[in-house]
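Open the model in your viewer and have the selection tool ready. We will go from one stop to the next.

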Amino acid sequence: MNLGAIARHRLFWPLVALVLLLVASALKSPAFLEVTVRDGHLFGGPVDILRRSSVLLLVALGMTLVIATRGIDLSVGAVMAIAGAVALSQIAASPDPGALSTVLLAMATALAVALAVGVFNGFLVAVVGIQPIVATLIFMTAGRGIAMLITGGQITTVTSAPYKTIASGYWLGLPVAALIAAFVFGVTALLTRRTALGVLIESVGINPSASRLAGVRARTIIWTVYVICAAFACIAGFIKSSDIMAADSNNAGLFIELDAILAVVIGGTSLAGGKFSLTGTLVGSLVITTLTLSITILGIPVNAVSLFKALVVIAVCLLQSPVVQHRMRSRRRRVAPVPVEVPA
Amino acid sequence: MVSRTFRTRAMAATVAALALGLAACGSSGSGDSSTDAASGGGDSGDLITVGFSQVGAESGWRAANTKSIQDTLTKDNGFDLKFSDAQQKQENQIQAIRSYIAQGVDYIAFSPVVESGWDAVLEEAKQANIPVILTDRAVDSEDTSLYKTFIGSDFVEEGKRIGEWVSDNLGTEPINVVELQGTTGSAPAIDRKQGFEDATKGNPNVKIIASQTGNFTRAEGKTVMEGFLQAYPDIDVVYAHNDDMGLGAIEAIEAAGKVPGKDIKIVSIDGVKDGMTALSEGKINYIVECNPLLGPDLADIIKTLQSGGTVEPRIVTHDDAFDQAAATAALPTRQY
Amino acid sequence: MTTSPTAIPPDQPDQPGEPDRPDARDREPVVAMTGITVTFPGVKALDGVDLRLFPGEVHALMGENGAGKSTLIKALTGVYAVDAGTIVVDGTARTFAGPAQAQAAGISTVYQEVNLCDNLSVAENVMLGHEVRRAGLVDFRGTRRAAREHLRALNLDIDPASTLSSHSLAVQQLVAICRAMVVDARVLILDEPTSSLDVDEVERLFAVVRDLRGRGVAILFVSHFLEQVYAISDRMTVLRNGTLVGEYRTADLPRVELVQKMIGRSLEVLEQLEEAPKRVAAERGVQPYVQALGLGRKGSIEPFDLDVYPGEVVGLAGLLGSGRTELARLLYGADRSDVGELRVEGQPTRLRTPRAALARRIVYSSESRKTEGIIGDLTVRENIVLGLQAERGWLRRIPQRKADEVVAQYVEQLGIRPADPDAIAGNLSGGNQQKVLLARWLATQPRLLLLDEPTRGIDVGAKAEIQRLVAELAEQGMAVVFISAELEEVLRLSHRIAVMRDRRKIGELVNGDDVTTDDVVDLIASGGQDA
């Protein structure tokens, strides 16, 4: 493969952005890329990025599948808030918050609630036929209210060693949160590429009526992806609430749906549905997380943060767009001698 | 296992939240509103109708503030409170104030999300002859006739008191300070930064090496602090504009294998329960209180105005300051 | 091959002009394309092709699928960049950067698949980009009025304010032509304009085309219907495999020779192809594979009875919109019936979804390849195994090797080109997409095959192959329901013909050597009174 072909790959520019952000951070703060062993686990900028991107990656993975079916799920942030609220209020209310059984039970309850939200979303989209953006808007707005009611409008704080492990723990020297995300990524990849689920999702996303006539259970598949999306958002909610050991219903996962959609798009999955790329979503999540972290490292002035973020995202999206790529290629080609039209 | 109460509660929540989310698109998505939105109009017998627009529920401090107002402005005390949560968005807040004007409430009170951009809507309130009371946060309007009074803490003073304590107790040798700012553009963020800078200006030992917004939330406080720890290996002091960001910073510092309160000192403002607990445990070193219990003061002001009296254009609430010993002593009796 | 614009291809001697029309060649061509070469990565789609269009002529562009007709049109209208060759419009060499520029130069195109906005009104579609403006704003009433005038010019009396999607495909096609004429085109390109029109509508269209010809418009006409080409065109250019075969006067080229030039095979082979699908004597089973008893759906099709036996081809004849498709969709569970009963192998069965039909070994190939057939962005392999995979469910993925075997078998058997399982299905020609769909269904080993317009818009060779395949499948014991607008085709293949009119089955004919298209037409015309 020549250089041109590499540059045309849809993940080329996102990866360039990722490298540039890392290099810039490392230039500003040379210690940034150093990975050291501290208290028996790895510590350093790259480890931080992995751990931090786990939340976004989880949400974006579910979002990828939903978007592949021509859908969108705006309720993921609210589901995160609900997951944290249910789990932590149950742990806080239990007599033994530090017990592993308490934590597992609380997480199971939260997962059940999140799955119910996913089933509800999927029902509205696949069965009732409401447009996904409208259907999921219901829980996007109402979900936080539910989480607030569960926590009684307070930030529920708990002390529970097993729960804290989710976000702050390490296993084999690696952050547990990153391992969870990696595991879910692996399972999703297996589920979609080792079974026929992936190609059926794509088929439904590209042409729903043709897929139905081909015998594909389009309805079931669409329903399933919303449930999967909610489940992944729930796990993300665990990590987020474990991170601060508090259920902050107002802020947990606030606006993460936008970041997730962005990660999916940067990863090369079209919002029009169809072909999706999990690897692309992984890269997209890393880019966005690194971007957020590098803002602190680079010391971007507070007032310029939004602008800086927007500029990086716009640059990546523009460079990726087929139109711009085409223009850049034809400009290069124009230099080469081409047969010119002969006047008649 | 799902308990019966929990299930009922969640169910009620779903219904309530759905109704809210669908009926009032964007005006209030949280189920926090305590008053019936349907009963409009300022004509409710002898009760004084007060429309209150809260910033949001971004922190423990705000939750205590909300509770104090809701507990004071009750029907028993002669008030009909219309409460709305702006979810930290100015547009929501302007919308809420407009709807209060339309309903013809007797008084409007609100904590502005940001300082600027209020002239138009406050002018509308003035035209409608509805007195406006600012609580907790100020606006930057030149025209002070747009509101009756501003009741709340003096944020510059709070920053100054923190700055003085840092300068006197820690600034005896060269120290590197990182600052976790509040929401960009909000009055407490601007003023607390200003006060701290004023107080430490004279001490060459105190050096602010980085400043970034943590949006007053625990999660963002933690994220930003993690970045600081990566970028600056020699941080001595964290100055957090509120306790929640300070609590987030504690998590980040512990994750980095350092001891909060010892390796890296933490000072913050607010004095909420979680913050005070951390202070008594020695994880935070100094807290300047910012009293959230504005309810009784607000009620007094309204009553005074209602009986034809006048109030000062600026009413500063009394704030305490705590170190570890004071916090431990105060904790058992704290209301929030 | 580089020839000057006025050169006549060597294999066609110069002929005198038609007696009733002045020789087009007396005048300068409005478009002259010379030595056009277009290359796609790895493929030479066009190699030194010439095309001339004169004012006031209907020029047919002929060739099989993949011969380069569409590419040539797109090269002319600037969709594709030309790698070599010249395009002269009105005596000036031009290079268009896109269809908009071509349109500005007076060259308008109506594509094979209607490219309009379904949810806009007819007026908006006709006038899109040319809305009547007043003070910079769109004057909707004026726009509608202008649209009505343009529609009138084509004898189209439809409400300009109605939504486009509320009209039949045929009307939509005419609206598309109307839209092309709004810009005062001097060259009108019609790419398969008649593939979804019925006989009357074709006549209507041709009346318009003749009228435009009389006004001096040059019309480039692409169609697979030889009858229509001979009925309307003055001259034709024949392409094969991206190269120019020649330019001919329609009157001078017998049909058989034309077909021979198009597919490059000898006459004998052709005749064989046409002969092969002669229906074999019905050796049908005792029990019908499916039996519809008063099956119907409100607003879609009146209750009907129909038996289809194994080993039998049942043709559905009728005009466009007569309920042929609706009938097939009921048998497939694509729509749910609300009255009557369906029996599969004697067992009463309710088909609620296509998947249920699939489980009963019933498959349906839709008339809309693009919207209801091919999954455009997936590969040929994925498209072929989709039906098989859907039947197995998502959990049991078809092993790669099995998939490869199935795909290789059908690519070979049906002659799918390119024979590359990893090619993106959406990029294949219409005929090859149809073959991919057939492969998808045959791979599921069906007992009943419902084919809705399987030969529409595909070339003669592929058409003959599909016809032969249908005959073979029936011979092997498969039950087939065959739908086509071409009565000849239905007659050639079917053992029995169910005749449809106005969403009702009006009669049935047992096919025999004495049955002719006239019999079917009579039956349709009489509304089944005499049958």
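**Stop 1: a pair across two chains.** Select E251(B) and K164(A). Their side chains meet in a salt bridge, at 3.1 Å from N to O. Keep in mind that this is a predicted model. Which helices does the pair connect? E251(B) sits in helix α8 of chain B, residues 243–255. K164(A) sits in helix α7 of chain A. Side chains of opposite charge can pair when their charged atoms come close. Over all chains, a search of the whole structure finds 47 salt bridges.

**Stop 2: where chain A meets chain B.** Now select the residues of these two chains that touch. How many residues does each chain bring to the contact? Chain A gives 49 residues and chain B gives 45. Together the two chains bury about 3,800 Å². Carbon and sulfur atoms make up 57% of that area. Pick out I244(A), T296(A) and V302(A) next. These three supply 16% of the area that chain A buries against chain B, more than any other three residues.

**Stop 3: charges and polar pairs here.** Five salt bridges are found across the interface of chain A and chain B. For one with its distance, select D243(A) and K222(B). Their side chains form a salt bridge at 2.2 Å, N to O. The same interface of chain A and chain B has 12 residue pairs in polar contact, both residues at pLDDT 80 or more.

Color chain A by its helices and strands. Several elements each supply at least two residues to the side that touches chain B, among them β2 (41–44), α3 (45–68), α11 (218–244) and α13 (278–298) of chain A. Which element gives the largest share? It is α6(A), with eight residues. By class, this side of chain A divides into 22 nonpolar, 17 polar and 10 charged residues.

**Stop 4: where chain A meets chain C.** Turn to the other partner. Here 27 residues of chain A are in contact with 34 residues of chain C. The buried area is about 2,400 Å², and carbon and sulfur atoms give 63% of it. Across this interface of chain A and chain C there is one salt bridge. Select E382(C) and K275(A): their side chains meet in a salt bridge at 3.6 Å, N to O. Seven residue pairs are in polar contact between chain A and chain C, both residues at pLDDT 80 or more.

Highlight α8 (176–193), α9 (197–206) and α10 (208–213) of chain A. Each gives two or more residues to the side that touches chain C. The most come from α9(A), with six residues. This side of chain A has 14 nonpolar, six polar and seven charged residues.

Stop 5: The structure holds 11 aromatic pairs over all chains. Select F120(A) and F139(A). This aromatic pair is edge-to-face, with 5.3 Å centre to centre and 80° between the planes. F120(A) is in helix α5 of chain A and F139(A) is in helix α6 of chain A, 19 residues apart.

**Stop 6: confidence in chain B.** Color chain B by pLDDT. Its average is 84, and 87% of the residues score at least 70. Where in chain B is confidence lowest, and where is it highest? It is lowest in helix α1 of chain B (residues 4–23), at a mean of 43. It is highest in strand β8 of chain B (residues 237–240), at 97. Over residues 1–44 of chain B the pLDDT is below 50. Where pLDDT is low, the predicted coordinates should not be read in detail.

Note on methods. Residues numbered from 1 in each chain as written. Chains lettered and ligands numbered in written order. Heavy atoms only, no water. Contact = heavy atoms within 4.5 Å. Buried area = accessible area lost by both parts, 1.4 Å probe. Salt bridge = Lys/Arg side-chain N within 4 Å of Asp/Glu carboxyl O. Polar contact = N/O pair within 3.5 Å; in protein donor to acceptor, adjacent residues only side chain to side chain. Helix = DSSP H or I, 4+ residues; strand = E, 2+ residues; numbered from the N terminus. Nonpolar A, V, L, I, M, F, W, Y, C, P; charged D, E, K, R; others polar. pLDDT = per-residue confidence, 0-100. Phe/Tyr/Trp six-rings, centres within 6.5 Å; stacked < 30°, edge-to-face > 60°.
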